[in-house]
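Dear colleague,

I am passing on to you the structure we spoke about, with notes on what was found in it. Please look through it first, and then read the notes alongside it.

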Amino acid sequence: MTTRTPGKGGSLTSVSPARKIKDRLVQGLVYLAFALAVIPLVSVLWTVVVNGAKRLDPTFFQFSMNAVSGSDPGGGAYHAIVGTLEQVVITTVIAVPLSILTAIYLVEYAGNGRLGKVIGFTVDVMTGIPSIVAGLFVLALWLLTFGFEFSGFAGALALTILMIPTVVRSAEEMLKLVPNDLREASYALGVPRWRTVCFVVLPTAMTGIVTGVMLAVARVMGETAPLLLTIFFTKAINNDPFGGPQASLPTFIWEQAADPSQNSIDRAWTGALVLIGIIMLLNLVARLVARRTAATSR
């Protein structure tokens, strides 16, 4: 027996034509918004791939720009790739432990205390700091006040200032998503708080934390302004991030794009393509690590 709606002849499972029209209209608006968001992204990627493929050859990855002028053919970004990887590794080693420890304190220990509020406010302020301000701070303190020279490490310090608030906020949100039942069950078994955090809370939130770290790495890897003030310029290979000026892909792209010759423009586009490729590769590795970590913690 079919149930009828009061005062109407249709069943409860029937949908009125007006609701169908509204549903299709909303679906169309969602698809339109998605297309408007994807079109610029696809356009940028297509432009970078088409222009960057012109110099995507083994020479670009095997040689530096030492003794190569802007109008000369050839040359490569080996020195810039090495510099970028070293600077990002140093930045990650410094920023990630500090950020995760800060997030743990804010979620697990601070509560409504005054210190927790001050730290949270400071993190929010740091999130909105322009990147060039971080470079100016390191330039004034590390280079001018302490007298250290331009180096990849100085650039890593500037990038650390930019990376810490992003990782802190993402890790904090992931820790808050961990159910309190898991914490209470651990406490009920007599497990200390620090062991609960290390072996219950962190493994549960690890997937989201790793994703947040990789997003922060992708952000700082493309920063140019702070590096212009801290690592200076060099066309030669410098594998020592603690001694002397060191190149990076963002400064390499900026330097080559400023040269009007077509060879320099081609090298700049290829540098941008390589930078995007490295970021995508790091994100894929992070996804694999996060999946394995999540599978192990189950």
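**Salt bridges and helix packing**

Because lysine 176 and glutamate 172 are four residues apart in helix H6, about one helical turn separates them; helices here are DSSP runs (H or I, at least four residues), numbered from the N terminus, as are strands (E, at least two). Before going further, please note that this is a predicted model, in which local features need pLDDT of at least 70 and side-chain atom pairs count only at pLDDT 80 or more, while totals for chains, interfaces and linings use all residues. Residues are numbered from 1 along each chain as its sequence is written, and side-chain values use heavy atoms, with hydrogens and water left out.

The side chains of lysine 176 and glutamate 172 meet in a salt bridge, at 3.4 Å from N to O, where a salt bridge is a side-chain nitrogen of Lys or Arg within 4 Å of a carboxyl oxygen of Asp or Glu. Glutamate 172 also meets arginine 169 in a salt bridge, at 2.3 Å from N to O, and these two residues both lie in helix H6, three residues apart, which is again about one turn of the helix. Glutamate 172 counts as buried because its relative accessibility is 7%, whereas arginine 169, at 22%, counts as partly exposed, and so does lysine 176, at 49%; buried means under 20% relative accessible area, exposed over 50%, and partly exposed in between (1.4 Å probe, protein chains only). Asp124, Arg169, Glu172 and Lys176 are linked in a network of salt bridges.

A search of the whole structure finds six salt bridges. Another of them joins arginine 219 to glutamate 223, with the closest N and O atoms 3.8 Å apart; here arginine 219 is partly exposed, at 30% relative accessibility, and glutamate 223 is buried, with a relative accessible area of 15%.

Turning to the packing, helix H3 (residues 78-110) and helix H6 (residues 152-176) have axes that come within 7 Å and cross at roughly 35°; axes are lines fitted to C-alpha atoms, for helices over the stretch in contact, and angles run from 0 to 180 degrees between N-to-C directions. By class, the contact of H3 with H6 has 19 nonpolar, seven polar and two charged residues, where Ala, Val, Leu, Ile, Met, Phe, Trp, Tyr, Cys and Pro count as nonpolar, Asp, Glu, Lys and Arg as charged, and the others, Gly among them, as polar.

Helix H7 (residues 180-188) and helix H8 (residues 193-221) pack at an angle of about 145°, and their axes are 10 Å apart. In this pair, Leu182, Arg183, Ser186 and Tyr187 of H7 meet Arg193, Thr196, Val200, Val201 and Thr204 of H8, contact meaning heavy atoms within 4.5 Å. This contact has four nonpolar, three polar and two charged residues.

As for the record, the unreviewed UniProt entry lists residues 29-49, 88-107, 119-144, 150-168, 197-218 and 268-290 as "transmembrane region"; UniProt positions are given in the numbering used here, feature names are shortened, and annotations may be inferred rather than shown by experiment. In the model, residues 88-107 are 100% helix and 0% strand, with end C-alpha atoms 27 Å apart, and residues 197-218 are likewise 100% helix and 0% strand, with their end C-alpha atoms 27 Å apart.
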